[in-house]
Amino acid sequence: MRTPLTIRFLTSMPRKGWLALAIFALVAWVGVPMAHLMLPESSPFSVSAYTVTLMGKILCYAVVAVAMDLIWGYAGILSLGHGLFFALGGYGFGMYLMRQIGTDGSYGVNLPDFMVFLDWKELPWFWVGSDSFLWALVLVVAVPGALAFIFGYFAFRSRIKGVYFSIITQALTYAAMLLFFRNETGFGGNNGFTDFKRILGYDITSPEMRLTLFGLSAALLMFVLLLGRYLVTSKFGRVLAAIRDAESRVMFIGYQPLWYKLFIWTLSAVLCALAGALYVPQVGIINPSEMSAANSIEIAIWVAVGGRGTLVGPVIGAFIVNLAKSFFTVEFPEYWLFFLGFLFIGVTLFLPDGVVGLWRKLFARKPATETESPPPVQKPAAVPEKDEHLAAKGAAA
Amino acid sequence: MNKVLDPQGVRPEGLNDRENWEGPASDGHVFRAGELDLSHKVILYLDDISVSFDGFKALNKLNLAIDAGELRCIIGPNGAGKTTMMDVITGKTRPDEGKCFFGQTIDLTRMTEPEIAHAGIGRKFQKPTIFEHHTAFENLELAMKMDKRVWKSLFAALSDDEYDRVSDVLRQIRLDHEAERPAGLLSHGQKQWLEIGMLLMQEPRLLLLDEPVAGMTDDETERTAELFVSLAGKHSLVVVEHDMSFVEALGGLVTVLHEGSVLAEGDLATVQNDQRVIEVYLGR
């Protein structure tokens, strides 16, 4: 019965799941780059720079959605402040990108433009070391991680739950937004960071860099899905789900819910931050509006649309909502928020388990009528891989 | 409430000398802090326990001793103090006076609820609270006595021994054919058994069971009695129950509580013929 970790990791997902992941990897790492670089623009299979960037952006959102699902779907903690961790990761890497501009800024000084504008003569202390790529990576992980840990420790220790927790996270991200809007905070005020030139000395606008960032986003998404899959099928995941369903009972049999919640909460925040760090160089800007309350709520909508507690559902949800957003904001910009609102109400009323739940309902019926015996043990595996086809298709489109 | 007692003063007489004894224990018996000592065959002592809530005496100089391996039933009319007694034993309620010992050495009046649970006293509440979305197997796995910190859970894998233990308990509670069903789909009686199984997974020495057959069918009640009888010996059980046929099926000693103290004690037939017990149950 004892199985080595490697085997357990491999068996945490069924073969179809691995196959879907392999196809996704092939499309993201080989298919898209070849179509982008080699095919002439007239070819129907050509992938434009716009599409690559849009898909890379949505892949980052999908990572956030999966991170959100880990805490909301599996631990029952609804955060309405996850945009904060995403933005902090973005700012952490954005600092490095600003320093990479060097003397190519409008003022030709080796200082970010907004600091020159504010008449600052040297870098504030918290910018020290920001020209180092490695230090930027440390910042991206450590700052949101530490904030999540400290915030989570006090919130969970005080047994703050449910809607109260959601409201506090919402307030947290709002407070951070107000802080970052101030010029004196030292992060560019309401303009944030933009006008990035290069990463590690390479031109940020080159097709190769665009594809590298896209490929890294795809890699991060696959990593997060695998990590999530491992976590939720481990004993840790079962304890987490038990905490979600009956926390006091879990304490009664000897577990300390505080540390379980804190672990998944902090991990979720760090994953969001990594997504944010990959997002910023692709869209070329980060400003405090990323911390707005509405952004964080939108993350919850992606997860709800795709299906909570399914890991792959949120990926689909992120793609559906964001592709719709790209379409609406171009075609009927004034109706986008109405559409989003209707989508959320519709999903809550008619698809409580999201798109994945609908899929399971449609395709679980048949075998149940064929065989008389009612095996209620759901095969959580039968669905996800299909969804990844969708995601892969979405990425290739 | 939680008064600090002189550690020497609270020990039952005769133990102090032994504890101060520096040389090898003459009878080969060594005390270790926190370890259950059953050298006098008694697993639970309640000595002159009194608890009052706003002047109402829920327990009034209650004396009770449960032997190791015993199966004891506690009966009594409503308000007799049965649940309060359970609360005192599990640390939920502190007694105003009196002593409460687990074995010879463990003073329950000075321990917190989790400490008492960890020391080996398991309690089953009236309403089963199982994890409905987890399978019966997973419910037992979660309840198993093991390192329950986050890091261990992340890399935990069931060993053969642990797997066998879960399987054994599943058989004991007659759920071995339902192991993979979500617990929420089990019948009421099966849920009660699962709850008892979760208790067993924690390897308690003493089991406190509050109305375990409430809401069960006759058949399920009968099977529960069989289960409890099979558990006695290895575990000690204290069962609070109103169902007299169930108490009869268990067959152990019966203690009747009334107004917070023991009214009568003996086997069921003796107790049922006791004039005072009849008065209490039938009214004067």
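In what sense, left-handed or right-handed, does helix 12 of chain A pass helix 13 of chain A? The crossing of helix 12 of chain A past helix 13 of chain A is right-handed, a crossing being right-handed if the near helix is turned clockwise from the far one by less than a right angle and left-handed if anticlockwise. The structure is a predicted model, in which local features need pLDDT of at least 70, side-chain atom pairs count only at pLDDT 80 or more, and totals for chains, interfaces and linings use all residues. Residues are numbered from 1 along each chain as its sequence is written, while chains are lettered from A and ligands numbered from 1 in the order in which they are written.

Helices (H or I, at least four residues) and strands (E, at least two) are DSSP runs, numbered from the N terminus. Helix 12 and helix 13 (residues 312-331) of chain A pack at about 115°, their axes 7 Å apart; axes are lines fitted to C-alpha atoms, for helices over the stretch in contact, and angles run from 0 to 180 degrees between N-to-C directions. Contact (C-beta atoms, placed from the backbone, within 7 Å) involves residues including A:Trp302 of helix 12 and A:Ile316 of helix 13 of chain A. The contact of these helices has ten nonpolar, three polar and no charged residues. Here Ala, Val, Leu, Ile, Met, Phe, Trp, Tyr, Cys and Pro count as nonpolar, Asp, Glu, Lys and Arg as charged, and the others, Gly among them, as polar.

Helix 12 (residues 293-306) of chain A also comes within 9 Å of helix 14 (residues 336-350) of chain A, axis to axis, with a crossing of roughly 45°. Helix 12 is therefore oblique to helix 14 of chain A, a class left after angles under 35 degrees (roughly parallel), over 145 (roughly antiparallel) and 65 to 115 (roughly perpendicular). This crossing of helix 12 and helix 14 of chain A is left-handed.

In chain B, six strands form an open sheet of mixed pairing, in the order 6-7-8-3-9-10; two strands pair if DSSP finds at least two bridges between them. Strand 6 (121-124) and strand 10 (261-266) of chain B are the edge strands, each pairing on one side only. Strand 7 (residues 206-210) and strand 8 (residues 236-240) of chain B pair in the parallel sense over five bridges, and B:Val238 in strand 8 is the bridge partner of B:Leu208.

How values were computed
Contact = placed C-beta atoms within 7 Å.
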